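This report is for a reader who is new to the structure shown below. It goes through a few selected places in turn.

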Amino acid sequence: MINPLFSVVVPTYNRAEKLLRCLRSLNAQTYTNFEVIICDDGSEDQTKEIVKNFRSGINFKKLYYFFDTNWGGPARPRNKGVKESTAEWICFLDADDAWYPEKLQSIIPFLIGFDLIYHDFNLVGPSGKLRPMSSRQLKPPVFNDQMLNGHNGCIINSGVCIRKSIVEKVGGVSEDRQLIGVEDADLWLRIARITDLFKYIPLQLGYY
């Protein structure tokens with residue numbers, strides 16, 4: 001696949017400084033053919049100003065900002081980002097997480113033949129010490145593997161790249177308020193009911 005376009009969906013709420021770190025990590029990507037869609041869930045801090053000031057210096061394709069009244073969780077902002085996206089491939093990235101520069105470049109070879117791609121992360125402690133957060137390759141049937149062998153934390157939301165058509169096919173991220181905090185795990189399970197094409201990359205390509 002030559003020069004694919006990515007849509008990076010970033011939900012946020014009152015995380016201006018962390019969002020700035022997130023945006024800087026996106027601006028440092030070695031691959032630059034992507035758009036960033038920031039979906040603000042009613043922030044009352046300096047989020048809007050952070051985005052406005054950052055806009056003039058972006059190295060990637062486009063930066064969009066959408067503000068809505070507070071819903072109380074990341075599901076609705078994520079769905080807003082998916083709806084507004086223009087690329088075939090959606091990358092989820094929470095505002096308090098960040099990517100290493102080679103993130104997008106590293107996943108491009110796996111876009112052909114897979115529907116959902118994910119990778120490892122580093123957890124950064126207060127002293128700056130890194131602790132690897134490792135996942136595993138889910139085996140088909142992927143739904144059964146998640147249910148029988150555990151799925152909590154197996155797929156880190158900010159490390160996921162997925163076909164937009166697949167997200168739309170399963171109805172997007174659930175906005176059931178009882179699922180706030182686990183809506184991402186619910187999404188991976190529902191996706192696994194329609195495809196087994198999950199690809200794990202055993203590299204730390206992001207941190208939080």
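Leaving aside neighbours within four places in sequence, F6 is in contact with Y31, N33, F34, E35, A87, W89, C91, L104, I107, I108, L111 and C161. The model is a predicted one.

F6 also belongs to the largest nonpolar core, which has 34 residues; F6, L26 and V36 are the members that touch the most others in it. Helix α1, residues 16–27, gives the most to this core, with six residues. Another core lies apart from it and has 24 residues, including V9, L116, V160 and V173. In soluble globular proteins, nonpolar side chains tend to be buried together.

N27 lies in helix α1, and H119 has its place in strand β6, residues 116–124.

| Side chain of | Reaches | Distance |
|---|---|---|
| N27 | backbone nitrogen of N59 | 2.6 Å |
| H119 | side chain of K103 | 2.9 Å |

N27 and N59 are 32 residues apart along the chain, and their C-alpha atoms are separated by 5.5 Å. Beyond its neighbours within four places in sequence, N27 is in contact with F54, G57, I58, N59 and F60.

For H119, the contact with K103 is a polar contact between side chains.

## Helices α5 and α7

Two packed helices are described by the angle between their axes and the distance between the axes. Helix α5 spans residues 142–149 and helix α7 spans residues 183–192; their axes come within 7 Å and cross at roughly 140°. The two helices are therefore oblique to each other.

Which residues of α5 and α7 meet? From α5 they are V142, F143, Q146 and M147, and from α7 they are W188, L189 and A192. By type, the residues of this contact divide into six nonpolar and one polar, with no charged residue.

How values were computed:
Residues are numbered from 1 along each chain as its sequence is written. This is a predicted model: local features need pLDDT of at least 70, side-chain atom pairs count only at pLDDT 80 or more; totals for chains, interfaces and linings use all residues. Side-chain values use heavy atoms; hydrogens and water are left out. Axes are lines fitted to C-alpha atoms, for helices over the stretch in contact, and angles run from 0 to 180 degrees between N-to-C directions. Helices (H or I, at least four residues) and strands (E, at least two) are DSSP runs, numbered from the N terminus. Angles under 35 degrees count as roughly parallel, over 145 as roughly antiparallel, 65 to 115 as roughly perpendicular and the rest as oblique. Contact means heavy atoms within 4.5 Å. Ala, Val, Leu, Ile, Met, Phe, Trp, Tyr, Cys and Pro count as nonpolar, Asp, Glu, Lys and Arg as charged, and the others, Gly among them, as polar. A nonpolar core is a set of buried Ala, Val, Leu, Ile, Met, Phe, Trp, Tyr and Cys residues joined through side-chain atoms within 4.5 Å. Buried means under 20% relative accessible area, exposed over 50%, partly exposed in between (1.4 Å probe, protein chains only). A polar contact is a pair of N or O atoms within 3.5 Å; within protein, one must be able to donate a hydrogen and the other to accept it, and residues adjacent in sequence count only if both atoms are side-chain atoms.
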